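Here is a walk through one protein model.

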Amino acid sequence: MTGDIETKECQLKDPMDLFHSGQVVKICAPMVRYSKLAFRTLVRKYSCDLCYTPMIVAADFVRSAKARDSEFTTNKGDHPLIVQFAAKEAQVLCDAARIICPFADGIDLNCGCPQRWAMAEGYGACLINKPELVQDMVRHVRNQIDKPRFSVSIKIRIHEDLKRTVDLCQKAEATGVSWITVHGRSVEERHQPVHYDAIKIIKQSMSIPVVANGDIKTLRDAEKVHHLTGADGVMVARGLLANPAMFAGYEETPLKCIQDWVDIALELGTPFTCFHHHLMYMMERITSKQEKKVFNVLSSTSAVLDYLNDYYGL
């Protein structure tokens, strides 16, 4: 589960320290398939403060050692780290939190995933309509994990009626949630503009940190959203996929970052499809249509390395 490390080597950190630093906390979002150890290692080199794992189904994680080994790897540089779980039962979430506790700095309960399968299973965004269940899950983890510096956060979407969202957030806060990440869209909304005004209202109703999420593509966007919402942190998904050096102020992926990705991915044994997909995202803005046609159909690591060498001298 932990790559090549011993538990005692984990230098666990208190993520709350980041929120008390006076700076906007720069966060890599939980992304299916993508926010794994190699990518987290890369964005941490470029001013990312806090990273999330992809969402992991807590019940599978608790039940199966195989699921634990395939879903979660870390190492001693991978901190502060939040493990995001999909759960709908308090004790299952607790059991997952207990397993992960020695290796991570906190857990996050996914209350925002709008995918049909998640909603059908009772996970993700359907939880925003069950504030008492969310409270129950948070309370259980707080009561059973005997580690004060271990954070418990939630990530939500907003309701059409914002009063319901504020109510959910205040209930979660009362139960001991460390912070709340708000994706400023409703469950039905996909590519519509993000309601930053809603995030601002939620922030003003809370005394715990609030993180803004949705359509942040550049460091300038991040600063703008911070000013618009007053949020304590910004969480980025696609913007970081396209440019992992975004938080360090780069407008597009620098060649140095591509080289770093190659080095990290090869060192950690990243599967080819994942290795290649990340490069396709990173090079989206810096390659011509013709180059994409060639690069996107390469089918082996050696072919990719040859291409990068021939075209970019990497």
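Cys 113 sits in the loop between strand S5 (106-111) and helix H6 (116-120). Helices (H or I, at least four residues) and strands (E, at least two) are DSSP runs, numbered from the N terminus. This is a predicted model: local features need pLDDT of at least 70, side-chain atom pairs count only at pLDDT 80 or more, and totals for chains, interfaces and linings use all residues. Residues are numbered from 1 along each chain as its sequence is written, and side-chain values use heavy atoms, leaving out hydrogens and water.

An unreviewed UniProt entry places the feature "active site" at Cys 113; such annotations may be inferred rather than shown by experiment. Cys 113 has a relative accessible area of 10%, so it is buried (under 20%, with a 1.4 Å probe and protein chains only). Leaving aside residues up to four places away in sequence, Cys 113 touches Met 55, Ala 118, Met 119, Gly 124 and Ala 125. Contact means heavy atoms within 4.5 Å.

Now zoom out. The chain is divided into domain 1 (15-247) and domain 2 (255-312), with bounds from an automatic or database domain assignment. Their C-alpha centres lie 29 Å apart. Between them, the domains bury about 1,300 Å², 68% of it on carbon and sulfur atoms. Buried area is the accessible area (1.4 Å probe) that two parts lose on being put together, summed over both. In domain 1, Tyr 34, Ala 38 and Leu 42 lose the most area to domain 2, together 37% of what that side buries.

Technical notes: Buried means under 20% relative accessible area, exposed over 50%, partly exposed in between (1.4 Å probe, protein chains only).
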